[in-house]
Amino acid sequence: MVKVILVGLLWVFTSVHEVYAESGVVHVNPSVGYMKFDGDSELKSKIMPVLGVEYMLSDTYGLSMSFTHADVNVRDVRDDASVSLYYIDGLYYLPRDKHWQPYLAVGIGHRRMTLDFADQRSNKLSNETDTQFHVSGGFRYDASKKFTFRSEVRVLQNLHKDGTDALFTLGVSKAFDVN
């Protein structure tokens with residue numbers, strides 16, 4: 001799955017760069033996220049690392065891909081679940097106010113959970129996957145020309161299983177001009 005996402009990311013950057021060659025800024029966005037799972041979920045809230053890459057199509061629009069992975073505690077069970085989230089977003093940047101630049105995002109992603117305690121008699125792992133639609137809002141604060149601080153609130157709606165999760169992130173961003 002990771003190989004498919006990396007190839008897709010390379011394809012998006014290559015094709016978008018040809019169409020929008022004048023914009024060409026890539027942001028690498030490492031951050032720390034706090035994942036709040038749906039109240040009916042058996043997963044406990046967790047602090048997780050998040051890594052994202054964003055390509056600016058113009059001053060107003062961007063595309064981003066992000067990934068996060070962590071072992072999450074499960075309520076009433078001693079073992080953990082391995083949770084991975086992959087998502088792609090379209091971003092819309094609102095007008096800048098000196099150092100502050102708010103944005104809105106909408107996208108789709110994929111959540112994969114591996115439960116290593118699902119069937120202890122057969123020692124098999126149980127995999128659960130779900131597609132998630134999400135909306136988010138956040139802002140960038142310019143620390144310098146190349147570095148920004150970035151914060152975001154994301155609401156993730158599970159499409160196959162009922163439930164709504166939330167992800168709050170805080171991180172830094174480094175800009176690279178690819179032109």
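The legends below describe an overall view and several close-up views of one predicted model.

**Figure 1. Overall view of the chain and its elements.** In this predicted model, local features need pLDDT of at least 70 and side-chain atom pairs count only at pLDDT 80 or more, while totals for chains, interfaces and linings use all residues. Residues are numbered from 1 along each chain as its sequence is written, and side-chain values use heavy atoms, with hydrogens and water left out. The chain holds 1 helix and 8 strands, which follow one another from the N terminus in the order α-β-β-β-β-β-β-β-β; here helices (H or I, at least four residues) and strands (E, at least two) are DSSP runs, numbered from the N terminus. Of the 179 residues in the chain, 41% are buried, where buried means under 20% relative accessible area, exposed means over 50%, and partly exposed lies in between (1.4 Å probe, protein chains only).

**Figure 2. Close-up of the ring pair formed by tyrosine 34 and phenylalanine 168**. The chain has 6 aromatic pairs, a term for rings of Phe, Tyr and Trp (its six-membered ring) whose centres lie within 6.5 Å, with planes under 30 degrees apart counted as stacked, over 60 as edge-to-face and the rest as tilted. The ring centres of tyrosine 34 and phenylalanine 168 are 6.4 Å apart and their planes stand at 25°, so this pair is stacked. Because tyrosine 34 belongs to strand E1 (residues 25–36) and phenylalanine 168 to strand E8 (residues 164–177), the pair ties together parts that are 134 residues apart in sequence. Tyrosine 34 is partly exposed, at a relative accessible area of 35%, and phenylalanine 168 is partly exposed at 37%.

Figure 3. Tyrosine 61 is in strand E3 (residues 61–73) and tyrosine 92 is in strand E4 (residues 80–93), so the pair ties together parts that are 31 residues apart in sequence. Tyrosine 61 counts as partly exposed at 45% relative accessibility, and tyrosine 92 is partly exposed with a relative accessible area of 35%.

**Figure 4. Close-up of an aromatic cluster**. One aromatic cluster is formed by Trp100, Phe139 and Tyr141.

**Figure 5. Close-up of a charge over a ring, with lysine 174 and phenylalanine 176**. The charged end of lysine 174 sits over the ring of phenylalanine 176, at 4.7 Å from the ring's centre; this description requires NZ of Lys or CZ of Arg to be within 6 Å of the ring centre and within 35 degrees of the ring normal.
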